[in-house]
Amino acid sequence: MVAVEERDMQAVGAWGHNARLDVERIRADFPALEQQVYGRPLVYLDNAATAQKPRSVIEAVCGHYRRDAANVHRAVHALSSRATLAYEEARDRVCRFLNAPARETIVFTRGATEGINLVAYGWGRHHLREGDEILLTEMEHHSNLVPWQLLAQATGAQLRFLRVRRDGTLNLDELDTLLTERTKLVAFTHVSNVLGTINPAATIIDAAHRVGAITLLDAAQSVPHMPVDVQALDVDLLVFSGHKLGGPTSSGALYGKREILESMEPFLAGGDMISSVWLDHAAWNEVPWKFEAGTPAIAEQIGLGAAVEYLTSVGMEAIHAHEQRLTAYALAQLQAIPAVEIYGEAPARAGVISFLVAGIHPHDLAQLLDQEGIAVRAGNHCAQPLHRVLDQVATCRASFYLYNTEAEVDALVAGIRRAQRFFGVE
Ligand code: PLP
């Protein structure tokens with residue numbers, strides 16, 4: 001049996017217990033939160049889908065377009081060198097944010113999905129063959145499932161799955177049998193975007209390494225909310241999306257150990273990813289630019305740099321502690337309504353709560369809440385296989401970020417009670 005490592009236990013709940021956020025001051029940094037929706041103050045609880053943007057990010061993006069709109073890495077003129085400097089500085093900021101060992105280990109992508117596809121094509125198609133195995137989990141977002149299905153079809157590799165237990169945790173007991181010398185890659189989510197479960201990443205990574213497999217961590221739901229240190233985790237590859245941490249859409253990064261990135265082939269081909277080109281062949285640029293073909297998302301990655309600086313200035317430990325407190329409060333309030341069923345009871349859980357209210361379809365509930373200015377998500381949250389495990393087609397999901405308050409949780413709970421009265425299912 002694989003025991004959960006001390007490092008994973010420490011990573012949960014132990015950070016910054018005493019750190020308190022000045023949430024009102026933080027809220028003032030997010031212009032979108034000032035608005036009213038249908039005449040009611042916006043209560044934005046769809047942060048697992050995307051986060052609101054602080055003023056510093058909006059300014060960084062606008063500033064690029066106002067002063068420095070030029071292509072990067074190509075021209076010698078002033079605007080281009082300013083744009084290049086800002087774009088590459090954003091890489092340094094992401095590098096520090098993840099505690100990556102070198103800036104060259106940070107590949108800019110348009111988000112977690114693109115990062116996973118990059119690995120599936122650039123690594124998978126050149127390193128896997130029939131009989132090899134890829135270990136995933138039942139709780140993956142479609143983005144960390146479908147690219148591996150395509151890879152399996154192309155290479156003859158087999159997909160294997162760690163199952164989810166009733167409480168929303170992964171069945172680690174299965175690791176011993178699922179991990180064999182055939183396992184070449186273990187790709188799994190750090191935090192479930194449905195159950196909120198914080199998976200014991202270090203434990204799974206170490207177990208994978210013991211059989212010689214490499215690991216890919218889908219950190220789309222962890223990097224925005226808690227300190228993530230790629231060196232402490234010893235993870236081989238990690239992806240996240242900028243828009244979920246207050247950065248622009250189409251920003252994000254893939255972290256990779258240098259030797260793994262070096263062993264990969266390009267994903268997209270074109271300008272900037274080459275060192276020299278002849279009519280019939282080409283040689284590749286160095287890592288990470290080898291994976292950044294064409295004009296990149298310049299303003300977006302500059303905005304991402306501003307977003308991680310903003311989060312760092314608030315403090316990731318304090319953000320995590322705030323969300324832990326808010327989640328505990330929300331769970332207690334929701335559990336007090338007998339008709340509410342919550343999916344996911346992992347002891348280590350993040351600020352994502354999926355639930356159903358007996359007698360109300362989740363889409364109807366989300367629509368009624370919207371009329372009161374409360375934004376939640378209803379659906380399968382891009383996790384259809386997990387919803388099959390839960391035996392549900394759809395759930396309602398409330399997800400928190402650093403700017404959410406207990407008063408907003410109260411508004412959600414009051415909204416649910418009103419919906420129960422509306423449908424006559426109290
Ligand atoms: N992985 C997880 C766990 C997610 O929650 C998401 C988005 O919801 C993704 C991957 C995909 O992120 P993106 O659509 O930004 O590429």
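Student: Which strands form the open sheet with mixed pairing, and in what order?
Tutor: In this predicted model, seven strands form an open sheet in the order β4-β10-β9-β8-β7-β5-β6, with mixed pairing. Strands are DSSP runs of E of at least two residues, helices are runs of H or I of at least four, and both are numbered from the N terminus; two strands pair if DSSP finds at least two bridges between them.

Student: Which are the edge strands?
Tutor: They are β4 and β6 (158–162), each of which pairs on one side only. From one strand to the next, the twist averages 20°, where axes are lines fitted to C-alpha atoms (for helices, over the stretch in contact) and angles run from 0 to 180 degrees between N-to-C directions.

Student: In which sense do β5 and β7 pair?
Tutor: β5 (residues 133–137) and β7 (residues 183–189) pair in the parallel sense over three bridges. Ile134 stands opposite Leu185 in β7.

Student: Which strands does α4 lie across?
Tutor: α4 lies across β4, β9 and β10, and runs at about 130° to β4. Helix α8 (residues 201–210) lies across β7 and β8 (214–218), at about 170° to β7.

Student: Which residues of α4 are buried?
Tutor: Among them are Ala83, Tyr87, Arg91 and Phe97; buried means under 20% relative accessible area, exposed over 50%, and partly exposed in between (1.4 Å probe, protein chains only). Their cover includes α3 (55–67), β9 (237–241), β10 (252–256) and α12 (316–335), with contact meaning heavy atoms within 4.5 Å.

Student: What follows α4?
Tutor: Asn99 follows α4, and its phi is positive, near 50°.

Student: Changing topic, what is the order of the open sheet of four strands?
Tutor: The order is β13-β14-β17-β16, with antiparallel pairing. β13 (340–343) and β16 (377–379) are at the edges with a single partner strand each, so one side of each has no neighbour in the sheet. Here the twist averages 35° from one strand to the next.

Student: How many bridges join β14 and β17?
Tutor: Four bridges join β14 (residues 352–357) and β17 (residues 395–399), in the antiparallel sense. Ser354 has Arg397 of β17 as its bridge partner.

Student: How much of the chain is buried?
Tutor: Of its 426 residues, 58% count as buried.

Student: What conventions apply to the model?
Tutor: Residues are numbered from 1 along each chain as its sequence is written, and side-chain values use heavy atoms, leaving out hydrogens and water. As the model is predicted, local features need pLDDT of at least 70 and side-chain atom pairs count only at pLDDT 80 or more, while totals for chains, interfaces and linings use all residues.
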